[in-house]
Amino acid sequence: MTSPLPILALLFNAFVWGLAWWPFRLMHGAGLHPLWATAVMYCGVLLALLALRPGIWAQVRAHPQLWLLALSSGLNNVAFNWAVTVGDVVRVILLFYLMPAWAVLLAWKVLGERPTGHAVARLALAFAGVVLVIWPEGASAQALLHGLSMADGLALLGGFMFALTNVTLRRLHAVPGQARMFSMFGGCLLMALAVGAIGLQAGVVEPFPAPNATWVATAVLLAGVLLLGNWALQFGASRLAAGTTAVVMLSEVVFASVSSVLLSAATLQPRTLLGGGMIVLAALLASLQRR
């Protein structure tokens with residue numbers, strides 16, 4: 001029998017990220033923008049890794065292809081953390097989880113897994129679901145793009161980068177796990193600082209605030225939990241097919257939706273439920289096809 005550990009590891013990671021919106025909003029309320037929060041947390045994690053594994057940098061330098069993993073993982077985190085902090089959590093999660101559709105296209109390009117007719121049909125189903133989620137009720141097709149919020153765009157970008165991260169993890173399964181982890185965390189730090197600096201100049205990101213007990217304690221605790229979650233992701237994703245990983249990670253939709261509705265951080269409307277159901281169904285069909 002196949003070991004359940006990779007799936008359990010992915011479920012843990014999905015649980016962590018399904019509830020991560022709450023501490024990010026808590027820190028934002030205390031004055032720390034999610035980009036700076038991302039940079040602070042991953043800076044601490046990187047320092048801890050370097051202290052525990054002094055030779056890890058040499059492993060990273062020995063595998064230049066890890067830069068792609070750093071870029072995709074960093075932009076994934078930046079986009080997701082920012083989106084769930086400022087947007088409707090359920091809507092953001094659903095748009096983010098167009099990821100299985102992106103994974104089909106990326107696996108074709110990166111892994112050489114040519115999509116079948118069924119895969120193309122699932123892509124169409126998933127994209128139709130996205131249109132339902134983001135299309136303003138009663139609006140014309142021309143108003144569709146104007147109805148997109150910044151959180152919507154960030155969620156779509158984050159989902160694409162998450163798919164690229166999963167496909168890249170599978171491609172780099174032979175690279176030492178700690179080197180992959182360091183690259184992912186390093187990418188999160190670098191991308192958060194880079195996007196934060198650009199956003200600061202554009203006036204859409206607040207300056208870094210003075211430390212206070214709320215955001216400092218929250219950042220330290222969340223950093224530790226995300227460290228475990230990231231290890232679980234790279235452990236599970238490197239041992240499972242890209243399609244299986246995508247479907248298991250859909251449990252984040254449940255974790256995030258239930259918690260955000262209970263805490264009044266999201267609203268469930270019929271169009272959102274229908275579109276979200278189409279997105280989830282496309283992912284589940286992908287899992288059945290893989291099996």
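## Exercises on a cavity, a helix and a glycine

The largest cavity holds about 160 Å³ of space. The model is predicted: local features need pLDDT of at least 70, side-chain atom pairs count only at pLDDT 80 or more, and totals for chains, interfaces and linings use all residues. Residues are numbered from 1 along each chain as its sequence is written, and side-chain values use heavy atoms, without hydrogens and water.

**Exercise 1.** State which residues lie nearest the centre of the largest cavity and which elements line it.

*Solution.* A cavity is a set of points on a 1 Å grid over the protein atoms alone where a 1.4 Å probe fits but cannot get out; lining residues have an atom within 4 Å of a point. The lining has 15 residues, with Trp17, Asn76, Asn77, Phe162 and Leu233 nearest the centre. The elements giving two or more residues to this lining are α1 (5-19), α5 (66-86), α10 (150-171) and α12 (213-237). Helices are DSSP runs (H or I, at least four residues), numbered from the N terminus. α5 gives the most, four residues.

**Exercise 2.** Check the span of α1.

*Solution.* The expected span is 1.5 Å times one less than the number of residues. For the 15 residues of α1 this should be 21 Å, and the end C-alpha atoms are 21 Å apart, so the two agree.

**Exercise 3.** Describe the setting of glycine 196.

*Solution.* Glycine 196 sits in helix α11 (residues 177-202). Beyond neighbours within four places in sequence, glycine 196 has contacts (heavy atoms within 4.5 Å) with Leu35, Trp36, Met191 and Val205.

Terms used:
1 Å grid on protein atoms, 1.4 Å probe; cavity = no way out; pocket = protein on both sides within 12 Å on 5 of 7 lines; lining within 4 Å. Points joined across faces, edges and corners; volume = space filled by probe spheres on them.
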